[in-house]
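The structure is shown first, and the topics follow in turn.

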Amino acid sequence: MGRCCKCCKSLCKDFKEFAMRGSVIDMAIGLVIGKAFSDVVQSLVNDIILPPFGLIFGGVDFNNLTIKMHSFGHPNQPPVLLRYGAFIQHIIYLIIVSFALFLIIVLVSKLRKKATKEKQEDQYAELKELSEEAKVLLEIRDLLASKTDIKL
């Protein structure tokens, strides 16, 4: 029984270390925000975008668009419903979420490029601010390279 308690404590300690890492917490926050965003987009599709389309098509509710398929072999069974209206709603939902994620990826990519460019500019600025000794050494190097025809 003593081994079990030590094993459980070790397992709990390892799990706590894992859960307290920044990446796990960031992932959990991302999942919560993603779920909230998903609910907003679903409401946008179901409550804002599709009702006007339904009105244009003669007051059709996309949720109720179905095709009834009757069984010819078993006429006593109820018909099978293909809910293509719900499928259309999910396709529109997928398109909106995909586009939003694409915009986020483009934004993150631009921010990374900007940060990389700024970092490189900072490194070049540090190189420009060389001491007098370093400048003299660079001049000596350049003179030696020009006399020996070796490019450094």
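A pocket is here an open set of grid points, on a 1 Å grid over the protein atoms alone, with protein on both sides within 12 Å along at least five of seven lines. The model is predicted, and its largest pocket holds about 160 Å³ of space.

**Largest pocket**

- The elements that each contribute two or more residues to the lining of the largest pocket are α2 (22–56) and α3 (84–128).
- Helix α2 makes the greatest contribution to this lining, with five residues.
- The lining consists of Gly30, Ile33, Gly34, Phe37, Ser38, Tyr93, Val97, Leu101 and Ile104.
- By residue class, six of the lining residues are nonpolar, three are polar and none is charged.

**Cysteines**

- How many disulfides does the model contain? The count is zero.
- A disulfide requires a pair of cysteine sulfur atoms within 2.5 Å; the cysteine sulfur closest to that of Cys12 belongs to Cys8 and is 6.4 Å away, so this distance is too far for a bond.
- Cys12 is exposed, because its relative accessible area is 53% and the exposed class begins over 50%.
- Cys8 is partly exposed, with a relative accessible area of 40%.

**Annotated segment**

- An unreviewed UniProt entry places a "transmembrane region" at residues 87–109.
- In the model, residues 87–109 are 100% helix and 0% strand.

**Tyr93**

- Tyr93 is part of helix α3 and is among the residues that line the largest pocket.
- Is Tyr93 buried or exposed? Its relative accessible area is 18%, and the buried class covers values under 20%, so Tyr93 is buried.
- Leaving aside residues up to four places away in sequence, Tyr93 touches Ser38, Val41, Gln42 and Val45; of these, Ser38 is also listed in the lining of the largest pocket.
- A distance of 35 Å separates the C-alpha atoms of Tyr93 and Thr116, which are 23 residues apart along the chain.

**Gly85**

- Gly85 also lies in helix α3.
- With a relative accessibility of 0%, Gly85 is classed as buried.
- Which residues does Gly85 touch, not counting those up to four places away in sequence? The contacts are Phe62 and Leu65.
- Gly85 and Gly34 are 51 residues apart along the chain, and their C-alpha atoms are separated by 25 Å.

Notes:
Residues numbered from 1 in each chain as written. Predicted model: local features only at pLDDT ≥ 70, side-chain atom pairs only at ≥ 80, totals over all residues. Heavy atoms only, no water. 1 Å grid on protein atoms, 1.4 Å probe; cavity = no way out; pocket = protein on both sides within 12 Å on 5 of 7 lines; lining within 4 Å. Points joined across faces, edges and corners; volume = space filled by probe spheres on them. Helix = DSSP H or I, 4+ residues; strand = E, 2+ residues; numbered from the N terminus. Nonpolar A, V, L, I, M, F, W, Y, C, P; charged D, E, K, R; others polar. Buried < 20%, exposed > 50% of the residue type's maximum accessible area, 1.4 Å probe, protein only. UniProt positions renumbered as here; feature names shortened; annotations may be inferred. Contact = heavy atoms within 4.5 Å.
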